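Please read them with the structure open.

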Amino acid sequence: MTSSEGRVEVIEFLRPDRNDQNLFVTNLPKTLRDTAKYEELSKIFSQFGLIYEVQILESATNAASLGFEASAATGDGSAAADASKSTVARADDSVFCHYAFVKFYSADAAATAARSLNQQWMIDGHVLRVQHATSPQAPAQNSVHLYVSQCRTLANHYLGFNGWCSKIMKLESFSIPDAATLDLLSDLAAEPEDSATFVPGQDQLCYSCVVQLTFPHHRITCHGAGTATVKPSQDTGAAGPIVSAGYAKKAALQRATEDAFSRIVLVVLPSGKVAVEQTRDDPPGCGVVNRDITSTLVDVNCLPDREDDDESDEDGDQALAEEDAQLEEDTQLEEDENT
C-alpha cells in the first residue's frame with residue numbers, strides 16, 4: 001500500500017473520474033466477454049490496488065469514440081468509405097474486438113499497473129496494451145459520492161475492519177408542509193420523473209437520519225445527514241406502510257452514511273501509513289446531538305487533589321474516634337443496667 005511515486009496521495013470517497021485513475025486497455029481477445037475472462041482481467045489489475053470498476057466494451061459499436069469514421073464500420077460503398085476501410089484494415093484488428101476501462105481509486109496504483117502490464121502480460125495469446133485514458137474529464141464540482149457499499153469497501157481496504165465504526169445518532173420521521181411541497185415541486189420542474197415523489201395532498205413517509213463515523217486510531221469523528229421520502233405501497237395490503245417505512249429508513253441511513261464519508265479523505269504517506277482528515281464541517285444540528293449525549297455522561301475518572309485527600313483522611317479519623325467513644329459509652333450503660 002506504499003506510494004509508488006514517493007509522494008503523498010489524497011484519496012477521496014468520490015467516484016474516480018480523473019484520467020490518471022483510469023486505464024485504457026486494448027488488444028483484448030474476443031473470448032474476454034466470457035465471465036471467467038472478465039474475472040481474470042479484474043484479478044490481474046487488482047494486484048496493484050483497489051479497483052473501482054472494470055468495463056469491457058465492444059469497439060464495433062463505439063468506433064467513433066476511438067477516432068474512426070462510422071462509415072468504415074458500416075461498410076459504405078463510397079470512395080471515402082473505402083479509404084477509411086483500408087485504414088482500418090492496417091490497424092490492429094483486436095482493437096475492434098474488445099477493449100476495457102479499468103478505474104482505480106488510487107492514481108499511484110493505476111500508474112504502477114500501467115508500467116507493469118503494458119506489453120508485459122498476455123491473455124489467450126494477446127499482449128495487453130495499457131495506457132492512461134484521455135477522455136474529457138468532468139468538472140470537479142460534478143463529482144459524485146460513492147455508494148455506501150463502496151465507501152465501506154474503500155475504508156476497510158485502507159483502514160482495516162477495526163479502523164472505523166459507524167453509529168446511528170438519529171432516525172426519525174418528519175412531515176412536509178404543503179407550502180414546502182409546492183416549493184420542492186417548483187425546484188424539480190425540470191425533472192418530472194423525480195417530482196412524482198412529492199405530490200400535495202398524498203401521504204408521504206419521510207425519514208431523516210444522522211450518522212456518526214468514528215476513526216479511533218486517528219481521533220476523528222464526523223457526521224452525515226440524509227433524508228428519504230417514499231409513497232406507501234398498496235400492493236402488499238395492510239403491511240404496505242410498514243414495508244415502505246423500512247425502505248425509507250434504509251434509504252435515509254444510506255444517504256447519511258454516504259454524506260459522512262464524503263466529508264473525509266484518506267492521506268496515504270510514502271511509508272504506506274494512512275491518515276484520516278475531515279475536509280468539510282458537519283451538517284447543521286449534528287453537533288447539538290453530540291453535546292446532548294456527552295452532557296449526560298458521568299466522569300468517574302476524576303481523582304481529588306492531595307490536599308483534599310489529607311482533609312478527607314482527617315475527617316475519617318475523627319469520625320472513627322467518635323464512633324469508638326459512642327460504642328464504649330453504650331457498653332458501659334449495658335453493664336450498669338445488668339448490675
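Which backbone nitrogen does a side-chain oxygen of Ser106 reach at the start of H4?

1. At the start of H4, the side-chain oxygen of Ser106 comes to within 3.3 Å of the backbone nitrogen of Asp108. Helices (H or I, at least four residues) and strands (E, at least two) are DSSP runs, numbered from the N terminus.

2. On the source: the model is predicted, local features need pLDDT of at least 70, side-chain atom pairs count only at pLDDT 80 or more, and totals for chains, interfaces and linings use all residues. Residues are numbered from 1 along each chain as its sequence is written, and side-chain values use heavy atoms, with hydrogens and water left out.

3. Helix H4 spans residues 107-117 and is mostly covered, with nine of its eleven residues buried. Buried means under 20% relative accessible area, exposed over 50%, and partly exposed in between (1.4 Å probe, protein chains only). Among the buried residues of H4 are Ala107, Asp108, Thr112 and Leu117. Just after H4, Gln119 has a positive phi of about 55°.

4. Strand E2 (residues 22-28) contains Asn22. Seven of the seven residues of E2 are buried, so this strand is largely enclosed by the rest of the structure. Asn22 counts as buried because its relative accessibility is 8%. Setting aside residues up to four places away in sequence, Asn22 touches Phe101, Val102, Lys103, Gln131, His132 and Ala133; contact means heavy atoms within 4.5 Å.

5. Which strands does E2 pair with? E2 and E4 pair in the antiparallel sense over five bridges, and Leu23 has Val102 in E4 as its bridge partner. Four bridges join E2 to strand E7 (residues 129-132), also antiparallel, and Val25 stands opposite Val130 in E7. Two strands pair if DSSP finds at least two bridges between them.

6. The structure holds six aromatic pairs. Rings of Phe, Tyr and Trp (its six-membered ring) pair if their centres lie within 6.5 Å; planes under 30 degrees apart count as stacked, over 60 as edge-to-face and the rest as tilted. One of the pairs is Phe24 with Tyr99, edge-to-face at 5.6 Å centre to centre and 70° between the planes. This pair links distant parts of the chain, since Phe24 is in strand E2 and Tyr99 in strand E4 (residues 98-104), 75 residues apart. Both Phe24 and Tyr99 are buried.

7. Tyr52 and Tyr105 form another edge-to-face pair, with 5.7 Å centre to centre and 85° between the planes. Tyr52 lies in strand E3 (residues 51-57) and Tyr105 in the loop between E4 and H4, so the pair ties together parts 53 residues apart in sequence. Both Tyr52 and Tyr105 are buried.

8. The largest nonpolar core has 33 residues, and those with the most contacts inside it include Phe13, Phe261 and Leu266. A nonpolar core is a set of buried Ala, Val, Leu, Ile, Met, Phe, Trp, Tyr and Cys residues joined through side-chain atoms within 4.5 Å. Helix H8 (240-261) is one of the elements that supply at least two residues of this core; H8 gives the most, with seven residues. A second, separate core of 19 residues includes Ile44, Phe104, Ala110 and Val130.

9. How many disulfides does a search of the whole structure find? The search finds zero, a disulfide being a pair of cysteine sulfur atoms within 2.5 Å. Cys206 counts as buried at 3% relative accessibility, and Cys222 counts as buried at 0%.

Notes: A polar contact is a pair of N or O atoms within 3.5 Å; within protein, one must be able to donate a hydrogen and the other to accept it, and residues adjacent in sequence count only if both atoms are side-chain atoms.
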